[in-house]
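Keep the sequence and the 3D view open as you read.

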Amino acid sequence: MENLSREKIIEILKDESQNDWLFSLADEVRKKYVGDEVHLRGLIEFSNICKRTCKYCGLRCENKNLERYRISPEDMILYAQKAVEMGYKTLVLQSGEDEFYSRDVMCKIIEQIKNFDVAITLGIGEKSYEDYKAYKDVGADRFLLRIETTDRNLYEKMHPNMSFDNRLRCLKDLKTLGYEVGTGCLVGLPGQTVESLADDILFFKEIGADMIGVGPFISHPQTPLKDSDNGSFILALKVMALVRILLKDINIPATTAMETLNPNGRIIALQSGANVVMPNVTTTEYRAKYEIYPGKICINENPSQCRGCIEAKIKAIGRTISTDKGFHKKFQD
Ligand code: SAH
């Protein structure tokens, strides 16, 4: 099944009668290749300031209705320490593209947090090779940068003044530098086709991604896409399940956007191919402000509530919480 053709992928994506079969196959593949452990990654959303104008994203700089914040390096280190004390073995540092965090500032933060013996994943957007190298040299382990869509025209329409080729360059640099590379796509962008979703899945396989995050597009009222329909939860789940079947042993998060569209979305995702959850460890005061899309879950909870809640749900479906850093382990057949 790992060699599904583009035509077959398109057929499966279009055919609703294959959904149950697809989800249970993805669950079997997940069990065989990555087991029952779920890796928890503590997510720190450290700045919602962004220089970009991505048409779907509420953090775009043209959204003047959002109160902006920036967490100081000292506080980031403090929150990181608290998250590690809570049991997290990986922290994800995510933000808008905020130039306050220069190469030096980022490196100091990474260096300090690495003292807590934790894996670090960055999700801070497009940078130069030299920046990516500097973060890696001080200990960053992984990087998340979704391609968002492999349809070049759609990509450039959705991302004014950005280039698809530069996005590819970033992913290539990250791979060359030895990061575990995470990418992924949005499902349901206006103008996106099922054919291009099939291309996204094949692209993930072609570049040898270590992690793939798939989430439905959710329309944000303060963006140019305010009148567009949300993406479909089921279609996003199908794309994710196909990614599991084709890439087998990689790490796949049950994304927060899925839970926003379906109250049980992350558990359903964990039973359809996913093996990672990224609970929010940002303090409550900032959560609502990291509004990439509306209706984000857990904005009134605190970090320990989020951990407790998701742990209980994971155990209730017979899965366990991993106690290691959860690197991509290549499976030998
Ligand atoms: N600046 C960082 C982090 C961006 S937010 C970066 O470029 O990687 C992380 C992800 O949220 C994005 O990659 C995008 O896929 C997703 N996202 C943004 N707006 C969204 C929306 N309206 N609906 C669903 N997902 C969205």
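## About the model

This is a predicted model: local features need a pLDDT of at least 70 and side-chain atom pairs count only at pLDDT 80 or more, while totals for chains, interfaces and linings use all residues. Residues are numbered from 1 along each chain as its sequence is written, and side-chain values use heavy atoms, with hydrogens and water left out.

## Around the ligand

Which backbone atoms lie 2.8 Å from a nitrogen atom of the ligand? A polar backbone atom of Tyr56 does, and so does a backbone N or O atom of Ile218. For a backbone N or O atom of Ser95, the distance to a nitrogen atom of the ligand is 2.9 Å. Taken alone, the ligand exposes 550 Å², and the protein buries 90% of that (Shrake-Rupley method, 1.4 Å probe).

Next, look at strand β2, residues 90-95. Helices (H or I, at least four residues) and strands (E, at least two) are DSSP runs, numbered from the N terminus. In β2, 5 of the 6 residues are buried, so this strand is largely enclosed by the rest of the structure. Buried means under 20% relative accessible area, exposed over 50%, and partly exposed in between, with a 1.4 Å probe and protein chains only.

On one side, β2 runs parallel to strand β1 (residues 37-47), joined by 6 bridges; two strands pair if DSSP finds at least two bridges between them. Arg41 has Thr90 as its bridge partner in β2. From β1 the chain passes through helix α3 (residues 73-85) to β2, a right-handed β-α-β crossover. Right-handed means that, with the strands pointing away from the viewer, the path from the first strand over the helix to the second runs clockwise. Strand β3 (residues 119-123) is also parallel to β2, with 5 bridges between them, and Leu93 has Leu122 as its bridge partner in β3. The crossover from β2 through helix α4 (residues 103-114) to β3 is right-handed too.

## Two buried side chains

Ser47 sits in strand β1 and counts as buried at 0% relative accessibility. Its side chain makes a polar contact of 2.7 Å with that of Asp98. A polar contact is a pair of N or O atoms within 3.5 Å; within protein, one must be able to donate a hydrogen and the other to accept it, and residues adjacent in sequence count only if both atoms are side-chain atoms.

Thr223 belongs to the loop between β6 (211-216) and α9 (233-247), and is buried with a relative accessible area of 5%. A polar atom of the Thr223 side chain lies 2.7 Å from the backbone oxygen of His220.

## Two loop residues with positive phi

Asp117, in the loop between α4 and β3, has a positive phi near 55° without being a glycine. Is Asp117 buried or exposed? Asp117 is exposed, with a relative accessible area of 53%.

Asn161 is not a glycine either, and its phi is positive at about 60°. Asn161 lies in the loop between α6 (152-158) and α7 (164-176) and is exposed, with a relative accessible area of 77%.
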